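Visitor: Could you walk me through this one? I'd like to start with the sheet and then move on to other things.

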Amino acid sequence: MAKIAVPEQDYNVRRAADCGSIPLYWGRDAAGHFLFIVELDGDHSTQFKQDGTSVHGIDVDLRSFGEGTEQGLVLTLERQVDSDLFHGLCETMASSLKAVQDSPTALAVALAHIKRWKAFLAGKKGRLLSPEEVRGLFGELSFLRTLYTEHLDQVSAMDAWVARRCSSGLYLSKYSR
């Protein structure tokens, strides 16, 4: 990837080795960014609008090539410091595309692959609470506040709120009956 020269305009690309029937390319753009391109036959704009995703640090775009009969799913790495992660994503995507025979399936597989990486790298930090979980947390914190402002000292209130493991395997407060 690093051996591909930075062009004065557009892209410089090199076909990825052993990529199956869907053409895949490593490249660089005029700004020096690393690229990975999945070449697709036909127009896949609707599918991309429905299933597309965004990833922090990688621009994911569908671009037309030539006379408009071909499109490319273009992944552009924004910061070179992340090139090892980008290379890993693209290599595993290339591997998952080897058995694919048609462009619509290739786009679906590629976008699903990007979404899986995004979820994997986000881990639990990237997950927001659902509306039900927010309401539940609010209720628990309101109950805890009522305990320590009206009924117990703060330590006793925390002890009441924190779950205790019963011998039956259920979690119950020591103040529950």
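Visitor: In what order do the strands of the sheet come?
Guide: In this predicted model, 5 strands form an open sheet in the order β1-β2-β3-β5-β4, with antiparallel pairing; strands pair if DSSP finds at least two bridges between them, and strands (E, at least two residues) and helices (H or I, at least four) are DSSP runs numbered from the N terminus. Local features need pLDDT of at least 70 and side-chain atom pairs count only at pLDDT 80 or more, whereas totals for chains, interfaces and linings use all residues. Residues are numbered from 1 along each chain as its sequence is written, and side-chain values use heavy atoms, leaving out hydrogens and water.

Visitor: Which strands stand at the edges?
Guide: β1 (11-15) and β4 (58-65) do, and because each has a single partner strand, one side of each is left without a neighbour in the sheet.

Visitor: And how many bridges join β3 to β5?
Guide: β3 (residues 34-41) and β5 (residues 70-77) run antiparallel and are joined by 7 bridges; Phe36, for one, has Leu75 in β5 as its bridge partner.

Visitor: New topic: which strands does helix α3 touch?
Guide: Helix α3 (residues 103-122) packs on the sheet and touches β3, β4 and β5, where contact means heavy atoms within 4.5 Å. Its direction makes about 15 degrees with that of β5, taking axes as lines fitted to C-alpha atoms, for helices over the stretch in contact, and angles from 0 to 180 degrees between N-to-C directions.

Visitor: What about the lining of the largest pocket, by class?
Guide: The lining has 10 nonpolar, 2 polar and 4 charged residues; Ala, Val, Leu, Ile, Met, Phe, Trp, Tyr, Cys and Pro count as nonpolar, Asp, Glu, Lys and Arg as charged, and the others, Gly among them, as polar. A pocket here is an open set of points, on a 1 Å grid over the protein atoms alone, where a 1.4 Å probe fits, with protein on both sides within 12 Å along at least five of seven lines, and lining residues have an atom within 4 Å of a point.

Visitor: Which helix gives the most to that lining?
Guide: α3 does, with 5 residues.
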